[in-house]
Amino acid sequence: VSSPAPGERPAASPPFDPDAVDLAGLDHAYRRSLRLGRPAGLPVVGYGEISLAFGWPPDAPTVVAKSLPTFPDAGRLRAYVGLLEEYLATLADRGVEPLPTAVRWVGAPGRGRTYALQPWLPAAAIVPAVLARAGRDEGEALLADIVAAVCRAVDPVVGLDGQASNWAVLDGRLRYLDVSTPMLRDSAGRDRLDVDLLVEAVPWLLRRPVARFVAPSILSPYHDRRQVVLDLAGNLLRERLAAWIPVVLQVAEPHVDPPLGAAEVARYYRGNARLWSAVQRLRRADRWWQRTIRRRPYPSLLPEQYAR
Ligand SMILES: Nc1ncnc2c1ncn2[C@@H]1O[C@H](COP(=O)(O)OP(=O)(O)OP(=O)(O)O)[C@@H](O)[C@H]1O
Ligand SMILES: [Mg+2]
C-alpha cells in the first residue's frame, strides 16, 4: 500500500484568490514566452492540445494559468464565462467536484489575452503521479472512483475528458481539473460551446473545415461513457501506466456495455496517437510558416518533444 512518502503529506486544498494574482505580470511573461517560442522561465505544467498551463508566480507558484483562445469580442467572452460557470455547477450537481476555476483577462474584455486560473496543485496530487506510486488496493479504489464519476456525469448533455491527467486527489477527495473546454450540449444535441474558439489551435488552412465538420465529432466521444472510459484506459499507455489498464477494465465492467477489452484499448490508442501526432506535425509546420514567412509570433507554445 502506498501512502505518501515520509515527510510528504496528502495534498490539501490550497487557498485560492484569483483577484490577488498579478495578471499583468503573468500576461507579460506569457507573451514574452510566445515571442521567444519557449517557456522563458515559466513553470509549464501542461502542454495541452489547445492551451498552455503554467504556474505563477514562477518561483513559488500559487496558481496555474491556462491560456484561452483569443475571443473576437466581449459578448463571446461573456458567453464563454457563463457556460464555464454552468459547467462547473453541473459537474458539482452530478457529484464530480471541479477544481475552483476563475476566468480573468487583461485589458478590455475580449481584446487582450484571457486566462483560466486555478489553485496550483503539487505534481504529486495529479492522478498519474498517484497511480505511479499506488499499491493495488489504493489504485483500484481511485480508478473505481474515476469511472464512477465519469458514469455519473457523462450523458448526451454533459461531456467530460476522463483521462487520468485530468484528475487530482486533494484532501483524499477526487477533483476534476480540465474544465476549460466546457462540454455542454442543448437538448437537440448541439454543442453550446462556441466551437470556433477551439480551432485557433488548428493550422489556419484547416480552420473552416475543422470548425464545420470535425469539431462536433471531436467532442462527441466525450458524451459517451464507454468512449470516455476507453480513452482513460488508452491514455494509461501514454502515461507509462499500462499495468493499471486491466484494473480499469475490471472496475468498468458493470458500467459499460459491451465490456471493454485490452485489444480494443490498444487499437484505440494507436489510432488516437496517429491522429494527434498528425495534428502536432501540422501545428509545427504552421508555426514555422507564421514565424519564418509571416514574421509574427505563433499564438501558442508547442512541446519540444511529442511522445505518443
Ligand atoms: N491546477 C493545476 N495544478 C497543477 N497542475 C495542473 C493544474 N491544472 C492542470 N495541471 C497539469 O497540466 C495538465 C494540463 O491541464 P488541463 O488538463 O487542464 O489542460 P489540457 O489537457 O492541456 O487541455 P486541452 O488539451 O483541452 O487544452 C494536467 O494534466 C495537469 O498535469
Ligand atoms: Mg487535460
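Predicted model: local features only at pLDDT ≥ 70, side-chain atom pairs only at ≥ 80, totals over all residues.
Buried here means under 20% relative accessible area, and exposed means over 50%, with partly exposed in between.

View 1. Let's start with the helix at residues 23–36. Its buried residues are L23, L26, D27, A29, Y30, S33 and L34. They cover an arc of only 165 degrees around the axis, which puts them on the same side of α1. An α-helix has 3.6 residues a turn, so residues three or four places apart point the same way. On the other side of α1 you will find A24, H28 and R35, which are exposed. The buried set packs against four strands: β2 (52–56), β3 (63–67), β4 (102–105) and β5 (114–119).

**View 2. The length and the end of helix α1.** How far apart are the end C-alpha atoms of α1? They are 20 Å apart, and this agrees with the 20 Å that 14 residues should span at 1.5 Å a residue. Just after the helix comes G37, with a positive phi of about 75 degrees.

View 3. The model has 11 salt bridges in total. In the one shown here, the side chains of E86 and R192 meet with an N to O distance of 2.8 Å. E86 belongs to helix α2 (residues 74–93), while R192 sits in the loop between β7 (173–176) and α5 (207–219), so the pair, 106 residues apart, links distant parts of the chain. E86 counts as partly exposed because its relative accessibility is 34%. R192 is partly exposed too, with a relative accessible area of 39%.

View 4. R136 and E140 form a salt bridge whose closest N and O atoms are 3.0 Å apart. Both residues belong to helix α4 (residues 136–153), and because they are 4 residues apart, about one helical turn separates them. At 44% relative accessibility, R136 counts as partly exposed. E140 is partly exposed as well, its relative accessible area being 24%.

View 5. Is R185 buried or exposed? R185 is buried, since its relative accessible area is 12%. Its salt-bridge partner is D191, at 2.8 Å from N to O. D191 counts as partly exposed at 22% relative accessibility. Elsewhere in the picture, E97, R173 and R175 are joined into one network by salt bridges that share partners.

View 6. Most residues other than glycine have a negative phi, and most peptide bonds are trans. P57 lies in the loop between β2 and β3. P258 is found in the loop between α7 (245–252) and α8 (262–293).

View 7. D171 is not a glycine, yet its phi is positive, at about 50 degrees. This residue lies in the loop between β6 (167–170) and β7, and counts as partly exposed at 41% relative accessibility. R240, also a residue other than glycine, has a positive phi near 60 degrees. Its place is in the loop between α6 (225–238) and α7. With 67% relative accessibility, R240 counts as exposed.

View 8. Which residues coordinate the magnesium ion (ligand 2)? They are N166, through OD1, and D178, through OD, at 2.1 to 2.4 Å. N166 lies in the loop between α4 and β6 and D178 in the loop between β7 and α5, so the pair ties together parts that are 12 residues apart in sequence. N166 counts as buried, because its relative accessibility is 6%. D178 is partly exposed, with a relative accessible area of 24%.

Notes
Residues numbered from 1 in each chain as written. Chains lettered and ligands numbered in written order. Heavy atoms only, no water. Helix = DSSP H or I, 4+ residues; strand = E, 2+ residues; numbered from the N terminus. Expected span 1.5 Å × (residues − 1). Buried < 20%, exposed > 50% of the residue type's maximum accessible area, 1.4 Å probe, protein only. Arc of directions from axis to C-beta. Contact = heavy atoms within 4.5 Å. Salt bridge = Lys/Arg side-chain N within 4 Å of Asp/Glu carboxyl O. Donors = N, O, S within 2.8 Å, 3.2 Å for Na, K, Ca; no water.
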